[in-house]
Amino acid sequence: MAYIVVLNPLILANGKDVDGQFIADNATAPVALVAAGTAFVAGVLTILMGVIGRVPFAMAAGLGLNAFVTFQIATVMTWEEAMGLVFLEGVIIAVLVLTGLRTAIFHAIPAQLKTAISVGIGLFIALIGFVDAGFVRKAAGTPLELGIGGSLTSWPIFVFIIGLLATAAMVARKVKGAILIGIVGTTVLAIIVEAIAKLGPASPDNPYTWQLNRPVVPDQVIGFNNPLVLFTEFDPFGGFIRVDVLLAALLVFTLLITDFFDTMGTIVGVGRQANLVQADGTLPRTREILLVDSLGAAAGGAGSVSSNTTYIESAAGVGEGARTGLASVVTGLLFLVAIFFTPLVTIVPYEAAAPALVIVGFLMMTAIKDVDWDDFEIAIPAFLTIVIMPFTYSISNGIGAGFISYVLIKVVRGRAREVHPLLWGVAALFALYFAIGPVRAMLGL
């Protein structure tokens, strides 16, 4: 998960708000400061998840959510006001947890639909791995293509393939620590390749060089930026004054829906991989887990690092045997240590981290056998859940499609009474979520 310490500030710190300001009103992009804040908030929350939730689930700034905050919210208000909306969304989710509503919705989801969520996330993170490594790319004539122009013709892709094959072989042989060994080994290979081939700095415009980071040993190993200064940079209600109240409310609603159900899918998927999910599809200590997760949204907003959520990459630790909260405590402590060693995390390119995502995706896919594919009432919603996640690059979209189709099929088959009352409400909320664009256009927002 160390990559989030690099990736989150690249998204947030380089963005300007409606007034043309960077986070914390810095004159230049405060990448190092936001990196320190990202590590600090993730560390504290992950430790809390281990102590309170007692599960091996790590937390960090949510990808997708941070892009939404940067490119949609901060463009119509200041960074302080944008992070204030994130904080407010976290408070609302915490209230839903404390009242039992979020937990009740979690338990109302059919067990096989939860399995489909896990499988869909597996496909999703495998696709993320392939795309991040450049093994799969956008194409001119087709939506996607293999490598560059249909060929695997770059040194970074070669490094990814070697890393993937080596990691897969170790996993198949049940080598302890296979995924971590794969990341470290592939990073070392990348450093050697860069030293020989001299491909140059990472560039999204150059498909033949590295993605995210250039794998070279940094000149500086230790550095420190105080993340606490970011905790004075949020305004919970300023956004409602800056823009139309309804628009601000819709932005909070979008954050809430995404946060609410991304987490639900993640803890189901990782919990199933860790054999923590019971026969009825429930997870022990769900309320405590969801409470810490909701605090993550509020803390991420308060710390100006965007909403923090439970991470699907927790499955990597689970794949290595993590089963208790001790794994989260250790991960959290390492996040705090990362505050002082942020220069080191910049040597890992996507090509070295991506093999781990692909292998974890495979491990999560194995749950697909638990879906009854002969029962179309559950099979069709499960199928839509599984395929829409990777095809739309969104966990929430897949969950929403599954819920809506499940309710619809039950209705047309005359079995509406079998649908849990809470699922009716959730399906309606997702219908509104999918229709937010037309609703905003209709209202002139």
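Buried means under 20% relative accessible area. By that cut-off, buried residues make up 55% of the 445 residues in this predicted model.

**Figure 1. Overall fold of the predicted protein, with 19 helices and 4 strands.** The radius of gyration is 21 Å. The globule rule gives 22 Å for 445 residues, so the protein is as compact as a globular protein of that length. The C-alpha trace spans about 65 × 55 × 50 Å along its principal axes. Among contacts with a separation of 6 or more, 78% are between residues 24 or more positions apart.

**Figure 2. The largest nonpolar core, with 79 residues.** In soluble globular proteins, nonpolar side chains tend to be buried together. Ile73 and Phe261 have the most contacts inside this core. Helix H10 (residues 245-273) gives the most to the core, with 14 residues. Leaving aside residues up to four places away in sequence, Phe261 touches Ile105, Ile395, Ser396, Ile399, Phe403, Val426 and Phe430. Another core, of 15 residues, lies apart from the largest one. Its members include Tyr3, Ala36, Ala60 and Ile339.

**Figure 3. The salt bridge between glutamate 81 and arginine 242.** Side chains of opposite charge can pair when their charged atoms come close. In this pair the closest N and O atoms are 3.0 Å apart. Glutamate 81 lies in helix H4 (residues 79-98) and arginine 242 in helix H9 (residues 238-242), so the bridge ties together parts that are 161 residues apart in sequence. Glutamate 81 has 9% relative accessibility and counts as buried. Arginine 242 is partly exposed, at 37%. The structure holds 7 salt bridges.

**Figure 4. The salt bridge between arginine 214 and glutamate 194.** The closest N and O atoms are 2.7 Å apart. Arginine 214 sits in the loop between H8 and H9, and glutamate 194 in helix H8, so the pair ties together parts that are 20 residues apart in sequence. Glutamate 194 is buried, at 2% relative accessibility. Arginine 214 is partly exposed, with a relative accessible area of 33%.

**Figure 5. The salt bridge between glutamate 377 and arginine 413, and the network around the pair.** The closest N and O atoms of the two residues are 3.1 Å apart. Glutamate 377 is in helix H16 (residues 376-392). Arginine 413 is in the loop between helix H17 (395-412) and helix H18 (421-434). The pair links distant parts of the chain, 36 residues apart. Glutamate 377 is buried, with a relative accessible area of 3%. Arginine 413 counts as partly exposed, at 49%. Salt bridges link Glu377, Lys410, Arg413, Arg415 and Glu418 in a network.

**Figure 6. A nonpolar patch on the surface.** Leu180, Val184, Val188, Ile192 and Ile196 form the patch. Together these residues have about 490 Å² of accessible area. Ile196 is found in helix H8 (residues 178-197). The cut-off for exposed is over 50% relative accessible area. Ile196 reaches 69% relative accessibility, so this residue counts as exposed.

Key
Residues are numbered from 1 along each chain as its sequence is written. This is a predicted model: local features need pLDDT of at least 70, side-chain atom pairs count only at pLDDT 80 or more; totals for chains, interfaces and linings use all residues. Side-chain values use heavy atoms; hydrogens and water are left out. Patches are made of residues with over 30% relative accessible area and no salt bridge: like charges are joined within 9 Å, nonpolar side chains (Val, Leu, Ile, Met, Phe, Trp, Tyr) within 5 Å. Accessible areas come from the Shrake-Rupley method with a 1.4 Å probe; for residues, only the protein chains shown count as cover. A salt bridge is a side-chain nitrogen of Lys or Arg within 4 Å of a carboxyl oxygen of Asp or Glu. Helices (H or I, at least four residues) and strands (E, at least two) are DSSP runs, numbered from the N terminus. Buried means under 20% relative accessible area, exposed over 50%, partly exposed in between (1.4 Å probe, protein chains only). A nonpolar core is a set of buried Ala, Val, Leu, Ile, Met, Phe, Trp, Tyr and Cys residues joined through side-chain atoms within 4.5 Å. Contact means heavy atoms within 4.5 Å. The radius of gyration is taken over C-alpha atoms; the globule rule is 2.2 Å times the number of residues to the power 0.38.
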